[in-house]
Amino acid sequence: MAKEKKGVKIDHVSKIYQDPKTGKDFYAVHDANIDIAPGEFVCLLGPSGCGKTTILRMIAGFESPDEGEIYLGGEPINDLTPNKRDTAMVFQSYALLPHYNIYDNVAYGLKLRKMDEKTIKEKVTRILGLVGLEGMENRMTNQLSGGQQQRVALARALVIEPGVLLFDEPLSNLDAKLRVDMRNEIRRIQQEAGITAVYVTHDQSEAMAISDQIIIMKKGIVDQIGTPHEIYYQPKDEFVADFIGESNFLHGTMKSIDGGSGVASIEGFDVPIAAVSELEPGDDCTLVLRPESALLADKGVLPCKVSLSRFMGHYQNYQVMVGGTLVKITDFNPKNHKIYEVGDEAFVDFKPADVHVLHGEGGFTVENI
Amino acid sequence: MATAQGASLDRKKLMADPIMVSTIVVLVVFLTLFIIYPLVILLVDSFISDNGFTFDIIKGVLAKPAFRTAISNTLIIGAVTGVLSTLIGLLFAYVEVYVKLRTKFLAGLFKVVSILPVVSPPFVLSLSMILLFGRSGIISKTLLGIQDSNIYGMRSIIIIQTMTFFPVCYMMLKGLLKNIDPSLEEAARDMGASRWKVFTSVTWPLMLPGIGNAFLVTVMESIADFANPMMIGGNVDTLATSIYLQITGNYDKQGAAAMAVVLLSITFIMFFVQKYILEAKATATLSGKASRQRMLITDRSVRVPLVVLCSAVAIFVIAMYICVPYGSVITTWGRNYTLTTKWYEKVFNLYRGAQAFTDSFIMALIAAPLTALLSMIISYLVVKKKFALKGYIELSSMLAMAVPGTVLGVGFIRGYANGLFHTGALQFIYGTTAILIIVFIVRSLPTGTRSGISALRQIDKSIEESAYDMGANSFEVFMTVTLPLIKDSFLSGLVTAFVRSITAISAVILVVTPATLLITVQINEYANRGEYAVACAFSTILILITYAAVLGMNIFIKYFGTSKAQEED
Ligand SMILES: Nc1ncnc2c1ncn2[C@@H]1O[C@H](COP(=O)(O)OP(=O)(O)OP(=O)(O)O)[C@@H](O)[C@H]1O
Ligand SMILES: [Mg+2]
């Protein structure tokens with residue numbers, strides 16, 4: 001449906017704001033480089049205040065970058081006002097025009113483009129069908145549920161066939177169940193329309209579920225860009241590993257390296273690792289182990305002592321001590337084997353391929369701005 | 001510097017919007033020419049003589065004993081009126097918010113009292129004071145038998161101004177009291193404080209900045225008031241009347257300019273204290289909205305005296321307003337109370353009443369929409385946009401609030417009678433209807449801008465951004481989104497501007513030429529001549545016009561207002 005899919009390139013972009021309290025300038029976004037391919041669905045994910053909204057608003061044109069250039073479909077757009085940019089934004093607060101009914105809200109952008117009544121009617125009707133609101137054209141916006149308002153906002157953005165769709169936490173005002181329905185809906189519609197989308201959220205499961213690429217941000221900095229799978233299994237640092245899902249961090253040193261694989265020494269025990277990159281024997285390293293990738297067993301990699309064992313319904317939750325390191329383990333089918341009690345001696349067991357190695361202490365590598 | 005790029009991009013984006021840029025240019029020119037320049041020319045007049053900068057002119061004015069008396073009169077009247085208005089306003093506000101009113105009648109009474117000063121011309125109370133207590137007043141002569149009662153003087157000015165301005169305090173303090181969280185007071189009461197103790201230890205400290213604010217606003221109004229001291233001051237002159245007399249009596253325009261600068265500096269100081277210290281504090285101490293309904297006071301011992309006191313004041317005020325229409329339909333005030341229409345006939349047949357009403361009405365009708373639109377545009381720019389001259393636009397439109405009408409009038413005379421900076425440029429607008437309309441606009445702009453700003457702050461920023469994002473330019477956003485959403489506020493701004501314009505006197509009386517008849521100026525003239533019945537007839541018609549405008553607005557909002565439109569469909 002989109003006339004032309006457009007990519008977005010964010011090239012060394014920074015935004016500086018003034019802290020209202022201290023009056024000091026600070027980087028809300030610092031030297032961001034992002035390349036979004038046409039038709040891709042990209043999520044900006046990160047804790048509150050990390051600059052997600054700022055990036056989105058720079059793409060839309062509401063804020064001007066203090067450094068760098070933004071390209072839309074290869075064209076630099078820094079100079080363009082929001083109304084001249086081929087973007088359409090879906091706001092967190094929906095931002096529907098309260099004095100218009102649904103039809104007029106959706107038709108608003110088309111009327112500005114001076115289309116004739118007939119074309120407008122056709123387009124609006126088709127889009128309302130797509131978002132499942134056919135027949136509600138004459139309702140006022142305050143007679144709609146949150147989910148319906150969200151659909152109108154989406155329809156209004158889609159109908160002008162923008163090069164890029166921008167979403168700023170569009171689902172955060174909805175209840176949990178509706179949120180899941182709507183995010184699937186948004187993904188479906190985006191794919192049907194074949195439109196590029198940039199989606200801001202701080203809900204990691206939302207990001208995992210709908211993105212082609214996830215961009216993890218921290219304190220104004222783009223920390224990692226990758227597919228959901230890469231982000232989850234090959235986090236770049238402890239921040240990413242900790243932000244996405246749960247992680248155990250095992251600190252130690254590399255003992256030996258043999259081609260792609262190697263052995264690390266954790267709390268004095270040897271731990272085989274399947275993939276080691278750019279590390280030398282003797283280097284400090286941190287192993288990232290997901291709680292659900294490890295098991296508690298009578299035999300295994302690391303000896304441990306159980307310090308917490310809790311039945312959670314569909315899984316058993318353990319905390320064990322490996323030397324001085326606390327390790328969390330989630331066992332999804334404990335009845336199959338054995339349930340350990342507090343004080344039991346056991347082993348943490350996992351496969352070499354299930355640990356991911358980080359360099360050094362694994363901390364956030366770009367913090368020193 | 002890194003921010004340079006961001007700032008220059010912001011500027012470029014602004015420039016890409018020609019309508020926006022031209023609007024800003026037009027606004028800046030307008031505000032500079034008609035608010036800033038008249039004040040600047042007064043300063044030039046007062047400090048620049050043929051041999052350069054000098055204090056002599058100001059010194060000369062200040063050396064005149066009469067002018068010194070005028071300054072002290074003004075300050076005394078301002079202070080006393082400020083205290084009295086604030087106290088009475090507080091009493092009304094307290095009773096309305098804290099005391100359980102038994103009857104609808106009382107609530108209605110309060111409402112009438114709050115709306116009367118808005119719809120009546122400024123000197124109505126002075127007029128009725130004369131009718132009640134003057135030489136042939138109903139109370140002074142007919143009831144008490146006092147011959148030769150002399151009501152002219154400072155005491156009457158204070159009484160009249162208090163009655164005129166206390167409703168404003170009442171409205172301000174009512175909003176303040178409503179925002180005090182009842183649980184604070186309940187906590188104090190719970191710990192054993194008496195009701196009086198609660199008031200002095202909790203309510204009063206919380207309100208103090210707000211009370212200071214109301215006090216200063218009243219003092220400023222009182223100092224700027226021209227019509228009442230003019231009509232009932234007798235030989236007591238205030239700054240505003242001295243300036244007027246300096247021009248109309250002594251033909252000393254430069255002296256008047258220096259006097260105007262003195263008056264202006266007083267109001268400016270108060271304005272800055274009020275706006276930047278008290279107003280901020282008043283809102284800071286009362287951050288949140290009241291969380292719950294307040295338990296109203298039902299104690300008879302508290303309720304009865306307070307309610308009786310308020311009702312007495314309210315009824316007295318209303319009675320005074322009624323006097324004026326009554327005075328316009330009886331044969332001879334103080335002697336013969338048979339009804340007659342002769343005064344109205346006189347107004348229209350002898351005194352060119354029809355022309356006065358048409359002139360005033362048409363000019364107010366032209367000024368009102370212009371003012372409303374202008375103040376909405378200013379509010380829109382101030383609230384929603386970032387640009388270099390925004391601070392200037394905001395400040396100058398707010399500054400106009402601190403400029404007394406008389407000062408503005410002198411500024412216009414000095415600024416335009418001989419053209420810009422006495423060079424003859426733009427001189428052609430002096431003496432035209434256009435300049436009167438401009439005076440009307442400048443006089444109502446601050447109130448309009450103020451209410452426009454508060455209306456616009458309520459609109460979620462993202463609603464307009466979404467329209468912008470859909471492809472609308474600033475003008476389209478303003479017309480299709482902003483304006484429809486603040487329709488009610490726009491309309492009330494329109495009516496307020498109309499009412500203020502048609503009842504205005506202090507500035508226009510200086511600028512008006514004999515070719516144009518203004519109702520307010522006529523009323524002033526006939527009252528000064530002692531033709532009170534004619535003045536009453538003029539006033540009555542004026543009150544009817546303004547009341548009809550307000551009524552029309554309320555009906556319109558009720559049936560076509562924003563909230564209504566959203567319910568339907
Ligand atoms: N107009 C502004 N002036 C000054 N600082 C601002 C402004 N807008 C945002 N900031 C600051 O910039 C930083 C980034 O803000 P941003 O809104 O991009 O965060 P976010 O990632 O969207 O957070 P959230 O998840 O809470 O929405 C924050 O520290 C914020 O306080
Ligand atoms: Mg945000």
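A residue is called buried when its relative accessible area is under 20%, exposed when it is over 50% and partly exposed in between, with a 1.4 Å probe and protein chains only. The model is predicted, so that local features need pLDDT of at least 70 and side-chain atom pairs count only at pLDDT 80 or more, while totals for chains, interfaces and linings use all residues. Residues are numbered from 1 along each chain as its sequence is written, chains are lettered from A and ligands numbered from 1 in the order in which they are written, and side-chain values use heavy atoms, with hydrogens and water left out.

**View 1. The buried residue B:T162 in helix α8 of chain B.** B:T162 lies in helix α8 (residues 154-178) of chain B, where helices are DSSP runs of H or I with at least four residues, strands are runs of E with at least two, and both are numbered from the N terminus. Its relative accessibility is 5%, and B:T162 therefore counts as buried. Leaving aside residues up to four places away in sequence, B:T162 touches B:T81, B:L84, B:S85 and B:I88, a contact being heavy atoms within 4.5 Å.

**View 2. Helix α8(B) against helix α10(B).** The axes of α8(B) and helix α10 (residues 195-224) of chain B are 10 Å apart and the helices pack at an angle of about 150°; axes are lines fitted to C-alpha atoms, for helices over the stretch in contact, and angles run from 0 to 180 degrees between N-to-C directions. Residues that make this contact include B:F165, B:C169 and B:M172 of α8(B) and B:M207, B:G210 and B:I211 of α10(B). By class, the contact of α8(B) with α10(B) has 10 nonpolar, 6 polar and 1 charged residues, where Ala, Val, Leu, Ile, Met, Phe, Trp, Tyr, Cys and Pro count as nonpolar, Asp, Glu, Lys and Arg as charged, and the others, Gly among them, as polar.

**View 3. Helices α4(A) and α5(A) of chain A.** Helix α4 (residues 146-159) of chain A and helix α5 (residues 176-193) of chain A have axes that come within 11 Å and cross at roughly 15°. The two helices α4(A) and α5(A) are therefore roughly parallel to each other, a term for angles under 35 degrees. Among the residues in contact are A:G147, A:Q150 and A:L154 of α4(A), together with A:M182, A:I186 and A:I189 of α5(A). The contact of α4(A) with α5(A) has 7 nonpolar, 2 polar and 2 charged residues.

View 4. Chain A has 8 helices and 20 strands, and buried residues make up 53% of its 369 residues.

Methods. Angles under 35 degrees count as roughly parallel, over 145 as roughly antiparallel, 65 to 115 as roughly perpendicular and the rest as oblique.
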